[in-house]
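Dear colleague,

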Amino acid sequence: MPETHFQQELEKLEVAIMKMFTLTEQSLNKAITAMRERDDDKAQEVIEEDEQLNQLEVEVDDITLHILALWQPVAKDLRFITGCSRIATNLERIGDQATNICERVLMLNQKPRLSLMNSVEALADKALTMFRNVTRAFSDQDSKSAMLVCRTDSDVDDMNIRLMRSLIDFMITENVIVERAVHSIIISNALERVGDLSTNIGEDVVFISRGINLKHCDTYDNISI
């Protein structure tokens, strides 16, 4: 009977985490759509709904502490519980980045669209794909797919660097677009951060499923999963 109760608690934790994944993807997708379609209402929705993710993170923390205190789990169960706690933190931070993007979108929408926004949108699509892939990796407990997400992070970093250089060059030659370019750089950095946080989640998936700690790893190329 105690084992049944323990499994029920683990399932409760997994349900809460998957709900966080779902809400985070909705917020991120909605933020990118608001940017692409210059939709103030959608951007405002993301900002107002951020509190839901904050509350879910607290719920995950409460479930985690309850399980650790009551059941003293070991091995993969312990990795799953501690991994979920770290993942919840990263999901909440991705939600914060979605909110950050929308705050800048509301400012950008007051002025004409920059030509370089196409590059920002390409970066957004890449970051969103990374997040969707790591969501599936967690759901399937697929360490190989999680590693692919980690290895994709360098692509997002490179796209962000190139985009910032282009925006800075644009500001030098066209003073009138400086304010919009600054907001665009902040959005670009937020999207790059989404890639970093998705990579963190990928590392947690590998830790949960394989027990391999990838935190502060300089390169993923030499790691065999």
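In what follows, a residue is called buried under 20% relative accessible area, exposed over 50%, and partly exposed in between, using a 1.4 Å probe and protein chains only. Please bear in mind that this is a predicted model, in which local features need pLDDT of at least 70 and side-chain atom pairs count only at pLDDT 80 or more, while totals for chains, interfaces and linings use all residues. Residues are numbered from 1 along each chain as its sequence is written, and side-chain values use heavy atoms, with hydrogens and water left out.

Salt bridges come first. Taking one to be a side-chain nitrogen of Lys or Arg within 4 Å of a carboxyl oxygen of Asp or Glu, the count comes to 9. One of them joins D125 to R36, with N and O 3.0 Å apart. Because D125 sits in helix 4 (residues 117-140) and R36 in helix 1 (residues 2-37), this pair ties together parts that are 89 residues apart in sequence; helices here are DSSP runs of H or I with at least four residues, numbered from the N terminus. D125 is partly exposed, with a relative accessible area of 35%, and R36 is likewise partly exposed at 35%. Both belong to a network of salt bridges that links R36, R113, E121 and D125.

A second pair, K111 and E179, meets at 2.6 Å, N to O. This pair links distant parts of the chain, with K111 in the loop between helix 3 (75-108) and helix 4 and E179 in helix 6 (residues 178-210), 68 residues apart. Within helix 6, R193 forms a salt bridge with D196 at 4.0 Å between the closest N and O atoms, and since they are 3 residues apart in that helix, about one helical turn separates them. R193 is partly exposed at 32%, whereas D196 is buried at 18%.

E57, in helix 2 (residues 40-71), deserves a separate look. E57 is buried yet has no salt bridge, and the nearest side chain of opposite charge, R93, is 6.5 Å away; Lys and Arg count as positive, Asp and Glu as negative, and His and the chain ends are not counted. Leaving aside residues up to four places away in sequence, E57 touches M20, A88, T89 and E92, contact meaning heavy atoms within 4.5 Å.

Finally, the structure holds 0 disulfides, a disulfide being a pair of cysteine sulfur atoms within 2.5 Å. The sulfur of C84 is too far for a bond, because the closest cysteine sulfur, in C150, is 16 Å away. C84 is buried, at 0% relative accessibility.

Note on methods
Helices (H or I, at least four residues) and strands (E, at least two) are DSSP runs, numbered from the N terminus.
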